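Welcome! Take a moment to look over the sequence and the fold, and then let us walk through them together.

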Amino acid sequence: MVAGGPGDGSVTDGQDVEQDQERSNLRLNVALCCVVVLGLVAALLGGLAIGKKYKDDGGDVAGSWWHNTTNVLLDRRSEIGGSRAGEYVGSAQISAVSLADDDEQTRTAAILESATEMANAFLNISHDDIAASVKQVRSLATGLFLKQYEKSEDGFATAARRAKAVQTSKVVWAGLVDSDPDSATVLVATTGTVANKITHFEPVSRTYRLQLDLVEQDGKWLTRDLQFVQ
């Protein structure tokens, strides 16, 4: 036995430690290989099960292996959208709902855009540029709402200037509640801040929900009524 320096173990002890480490590394490598193999087997079995279910559900498996694999991953069914129309969920039956035609989608988009513009114009106020807000609201209003707004705009402008108010707001959601060929009702949710003398000019969070009634005039959707709602 060859002795080492002070406090050192023997050469034999060092060899034993190295052998133990090699055996430990070998066991770890074997365990990792087992995990990988088992994972591949599980993935293969799972893939076969998914593929069979996909085929049983009417999936297209007429192509190559790669094409079929892509179809399974993307879940392309022989019927567009994989419709479940006609099925029963509890006591209710699923009914297919057709997409709105292009004209209807364009009309709905125009209504929501106009309502969003009005909400932004009505709620975004700066005491040093009241005229811009008033002009924008007027351009999007009609009927009784326009008349009421015009009557109150001077008092509103004076109050905003005295308070040195600045309110910022943006629409975070807008939804069509009801509509007919020439009128519509829209709900709008907004978030923003207000700062004025009362808040010591520190921005304070404000959220609003508005209900807007719109009418179509000369191809443009205008607000005829606007209310704050809970």
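Which residues in α4 meet which residues in α5? Before we get to the list, keep in mind that this is a predicted model. On the α4 side, the residues are I130, S133, V134, V137 and R138. Facing them in α5 are F145, L146, Y149, E150, E153, F156, A157, A160 and R161. Sorted by class, this contact of α4 with α5 has nine nonpolar, one polar and four charged residues.

Now step back and look at how these two helices are arranged. Two packed helices are described by the angle between their axes and the distance between the axes. Helix α4 covers residues 130-140 and helix α5 covers residues 143-163; their axes come within 11 Å and cross at roughly 165°. Because of that angle, α4 is roughly antiparallel to α5. The crossing in which α4 passes α5 is right-handed.

Helix α4 has another helix to pack against. Its axis and that of α3 are 8 Å apart, and the two helices pack at an angle of about 150°. An angle over 145° counts as roughly antiparallel, so α3 is roughly antiparallel to α4. Here the crossing is left-handed. From α3 the contact draws on E117, M118, A121 and F122, while α4 contributes S133, Q136, V137 and L140. By class, five of the residues in the contact of α3 with α4 are nonpolar, two are polar and one is charged.

While you are at α3, which spans residues 102-123, look for R107 and E104. Their side chains meet in a salt bridge, with 3.5 Å from N to O. Why are they separated by about one helical turn? The reason is that R107 and E104 are three residues apart in helix α3. The count of salt bridges in the model comes to two.

Next, turn to the strands. Strands of a sheet pair through backbone hydrogen bonds, either parallel or antiparallel. In this model, five strands form an open sheet in the order β3-β4-β5-β6-β7, and the pairing is antiparallel. At the edges stand β3 and β7 (220-228), each with a single partner strand, so one side of each is left without a neighbour in the sheet.

The helices we began with return here. Helix α4 packs on the sheet and touches β3 and β7, and its direction makes about 115° with that of β7. Helix α5 also lies across β3 and β7, running at about 60° to β7.

Strand β3 (residues 125-126) pairs with strand β4 (residues 166-180) in the antiparallel sense over two bridges, and S126 stands opposite V166 in β4. On to the next pair: β4 and strand β5 (residues 183-195) are antiparallel too, with 13 bridges. These two strands form a hairpin with two residues between them. There, D180 has S183 in β5 as its bridge partner.

Terms used:
Residues are numbered from 1 along each chain as its sequence is written. This is a predicted model: local features need pLDDT of at least 70, side-chain atom pairs count only at pLDDT 80 or more; totals for chains, interfaces and linings use all residues. Side-chain values use heavy atoms; hydrogens and water are left out. Axes are lines fitted to C-alpha atoms, for helices over the stretch in contact, and angles run from 0 to 180 degrees between N-to-C directions. Helices (H or I, at least four residues) and strands (E, at least two) are DSSP runs, numbered from the N terminus. Angles under 35 degrees count as roughly parallel, over 145 as roughly antiparallel, 65 to 115 as roughly perpendicular and the rest as oblique. A crossing is left-handed if the near helix is turned anticlockwise from the far one by less than a right angle, and right-handed if clockwise. Contact means heavy atoms within 4.5 Å. Ala, Val, Leu, Ile, Met, Phe, Trp, Tyr, Cys and Pro count as nonpolar, Asp, Glu, Lys and Arg as charged, and the others, Gly among them, as polar. Two strands pair if DSSP finds at least two bridges between them. A salt bridge is a side-chain nitrogen of Lys or Arg within 4 Å of a carboxyl oxygen of Asp or Glu.
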